[in-house]
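This briefing concerns the structure shown below.

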Amino acid sequence: MTLVGITGGIGSGKSTVAELLKGRGWTVFSSDQTAKQIMATDPDVRSELAAAFGEQILTPSGVNAPLLATLVFGADPESGKRLARLNGIVHPRVLDVHMHAIQEEEKRGTRFVAIESALIYEVDLEDGFDYVVVVDAPHEACLERVMQRSKLTRQDVERRMAEQMSPEEKRGLADFVIDNAGTLDDLKGATQTVAMVIEAMAG
């Protein structure tokens, strides 16, 4: 089995690349979706979140995302500590779920599995993958995408971007880089090319 990490900055288009790989027949897991599921269903995680951020952070279907975002991406000096606390609660559980899923896929004989995650290099997980693909796009394009889909202000998006490793650093560490500076067709073509190279290298 070949295990591929898909990462990139906020708004870079990594989720679209993940969907394109899924359409190609790859098995793909999203760290964001897994985290949301865990925060909605894992009683231990929900208890830890309530202890860390107050009962008001919980909703019947998960968490109060706007409130949580205000707490961990706010302008006050404590926001960084709260983000680290959130990551400390949720990320180990996400990793456990994905490790189990990867093992199950390996038993089934699945050839290509990809994990889409914003934080691969930031939490030193790159060595667990056969290849890491970084999806990159111009800064302004990323800003516009995130502002449109989440109704956040430019300042809010900039703050979130500042919490992640710079795109330049990620590009320097990547096994493959997919540039998302053009059209959707361009992105499809670039993704298929990278996928074909990885498939050929896997034999």
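In this predicted model, Val63 makes contacts beyond its neighbours within four places in sequence, and its partners are Met39, Leu49, Ile57, Leu58 and Leu68. Val63 belongs to strand 4, which spans residues 62-63.

**Val63**
- Leu49, one of the residues in contact with Val63, is 14 residues away along the chain, and the two C-alpha atoms are 8.9 Å apart.

- An open sheet is built from five strands in the order 2-5-1-6-7, with parallel pairing.
- Strand 2 (27-30) and strand 7 (176-179) form the edges, each pairing on one side only.
- From one strand to the next, the twist averages 20 degrees.
- In general, the strands of a sheet pair through backbone hydrogen bonds, in either a parallel or an antiparallel manner.

**Strand 5 and its partners**
- Strand 5 (residues 112-116) runs parallel to strand 1, and five bridges join the two.
- Strand 5 is mostly covered, since five of its five residues are buried.
- Burial applies to both faces of strand 5: Phe112, Ala114 and Glu116 lie on one side, and Val113 and Ile115 on the other.

**Helices on the sheet**
- Helix 1 lies across strand 1, strand 2, strand 5, strand 6 (131-136) and strand 7, and runs at about 150 degrees to strand 1.
- Helix 9 (residues 184-202) also packs on the sheet, where it touches strand 1, strand 5, strand 6 and strand 7.
- The direction of helix 9 makes about 165 degrees with that of strand 7.

**Ser12**
- Ser12 is located in the loop between strand 1 (2-8) and helix 1 (14-23).
- The relative accessible area of Ser12 is 1%, so this residue counts as buried, the cut-off being under 20%.
- A polar atom of the Ser12 side chain lies 2.8 Å from the backbone oxygen of Gly9.
- Not counting residues up to four places away in sequence, Ser12 touches Val135, Asp136, Ala137, Cys142, Arg145 and Asn180.

Key
Residues are numbered from 1 along each chain as its sequence is written. This is a predicted model: local features need pLDDT of at least 70, side-chain atom pairs count only at pLDDT 80 or more; totals for chains, interfaces and linings use all residues. Side-chain values use heavy atoms; hydrogens and water are left out. Helices (H or I, at least four residues) and strands (E, at least two) are DSSP runs, numbered from the N terminus. Buried means under 20% relative accessible area, exposed over 50%, partly exposed in between (1.4 Å probe, protein chains only). A polar contact is a pair of N or O atoms within 3.5 Å; within protein, one must be able to donate a hydrogen and the other to accept it, and residues adjacent in sequence count only if both atoms are side-chain atoms. Contact means heavy atoms within 4.5 Å. Two strands pair if DSSP finds at least two bridges between them. Axes are lines fitted to C-alpha atoms, for helices over the stretch in contact, and angles run from 0 to 180 degrees between N-to-C directions.
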